[in-house]
Amino acid sequence: MAEITVRRTSGSRRRGKPSTTWPIHVFLIVAVVFMVVPFVWQLLTVFKTTAEVTRIPPTILPADFSLHSFETFFSTVPFWSMFAVSAGSLVLRVAGQIVVAALAGYAFARIPFRGSRVLFGLFIVMLMVPSQLFLIGQFEIIRDMKLLDTLPALAIPGLFSAFGTFLMRQAFLTMPADYEEAARLDGANTFQVFWYVMLPMARPMLAALAVLTGLYSWNDLLWPLIVSPSGENRPLPVGLAGLQGQFGTDYPTLMAGALVCSIPLVIVFLVLQRQFFAGIASSGLKG
């Protein structure tokens, strides 16, 4: 009876103690509101007229839900040709970066060689340098290769990423060495250990890298403007930028285009979200 009384007393004390997690929940609710409100405003703007968008005070709900903005977008922007360019560049960048980053990350994490720490330190330093500083050198390389106004010109600079190498190195560092040693005892060489043992275990990180690379590739604007001066191979962000006029912008059409262009990325994220979060969660467990 005494034990039961003690348990009841401790349980009542727990129930009576005020919760300390409510500030976190309040903060998360406010953060969700700040993230959702712009998206809701975008959806409402799509169905408004230009007069309703520019009206002061602003109009929250459109007077007439019209699809005129979508019609204007598809008639103004060559959507399907730009979509093909964006998708092709995305596939090339994601495939190339997964291969290069996985190989480089495995080498830094599992293959000891002289100067590995110094070389990896240089990789980390590259993360601190703005990517715009490399534009002139990259443009000269693409020009000398006679690849201007081509699809490979959009993808080649994105085949390598110091950030992707860092992510893959962290993934391989967190894996137990027992699997690697067992494979070597069975007679597997270095590449076989990488391909058949370690790489399948790194699938969550590969999915995370694919999502991040795809997001960067899909939203890239400055590099396509530089390497495609004639406009024959320009992706969707360039088409969206063209909707912003010097003296005025048709915001319903612009919001409709942004909504349409974001749908493929949303689909990719929904398919890979479980692997994405698993890869991000395990990226910094071991240095």
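Student: Why are Trp-80 and Phe-83 said to be separated by about one helical turn?

Tutor: Trp-80 and Phe-83 are three residues apart in helix H5, so about one helical turn separates them. A helix here is a DSSP run (H or I) of at least four residues, a strand is a run (E) of at least two, and both are numbered from the N terminus. The protein has 15 helices and zero strands.

Student: What should I know about the source of these values?

Tutor: This is a predicted model, in which local features need pLDDT of at least 70, side-chain atom pairs count only at pLDDT 80 or more, and totals for chains, interfaces and linings use all residues. Residues are numbered from 1 along each chain as its sequence is written, and side-chain values use heavy atoms, with hydrogens and water left out.

Student: How many aromatic pairs are there, and why is the pair of Trp-80 and Phe-83 called edge-to-face?

Tutor: The count is 18 aromatic pairs. Rings of Phe, Tyr and Trp (its six-membered ring) pair if their centres lie within 6.5 Å; planes under 30 degrees apart are stacked, over 60 edge-to-face, and the rest tilted. The centres of Trp-80 and Phe-83 are 6.0 Å apart and the planes stand at 80°, so the pair is edge-to-face.

Student: What makes Trp-80 exposed and Phe-83 partly exposed?

Tutor: Buried means under 20% relative accessible area, exposed over 50%, and partly exposed in between (1.4 Å probe, protein chains only). Trp-80 has 63%, so Trp-80 is exposed. Phe-83 has 26%, so Phe-83 counts as partly exposed.

Student: Why is the pair of Phe-123 and Phe-160 given the label edge-to-face?

Tutor: Phe-123 and Phe-160 are 5.6 Å apart centre to centre, with 80° between the planes, and form an edge-to-face pair. This pair links distant parts of the chain, 37 residues apart: Phe-123 is in helix H6 (residues 116-127), and Phe-160 is in the loop between helix H8 (151-155) and H9. Phe-123 is buried at 15%, whereas Phe-160 counts as partly exposed at 36%.

Student: What makes a set of residues a nonpolar core, and what does the largest one contain?

Tutor: A core is a set of buried Ala, Val, Leu, Ile, Met, Phe, Trp, Tyr and Cys residues joined through side-chain atoms within 4.5 Å. The largest has 23 residues, and those with the most contacts inside it are Met-168, Phe-172 and Met-198. At least two residues of this core come from each of helix H5 (79-110), helix H9 (162-173), helix H11 (190-201) and helix H12 (203-218). A second, separate core of 16 residues includes Met-82, Leu-243, Ala-256 and Val-260.

Student: Which residues does Met-168 touch, leaving out those up to four places away in sequence?

Tutor: Contact means heavy atoms within 4.5 Å. Met-168 touches Ala-101, Ala-102, Gly-105, Ala-202, Met-205, Leu-206 and Leu-209.

Student: How do you know that Lys-48 lies over the face of Trp-41?

Tutor: The rule asks for NZ of Lys or CZ of Arg within 6 Å of the ring centre and within 35 degrees of the ring normal. Lys-48 is 4.0 Å from the ring centre of Trp-41 and lies over its face. Arg-169 lies over the face of Phe-120, at 4.1 Å. Trp-41 and Lys-48 are both in contact with Thr-59, as is Glu-52, leaving aside neighbours of Thr-59 within four places in sequence. Thr-59 is in the loop between H3 and H4 and, at 14%, counts as buried.
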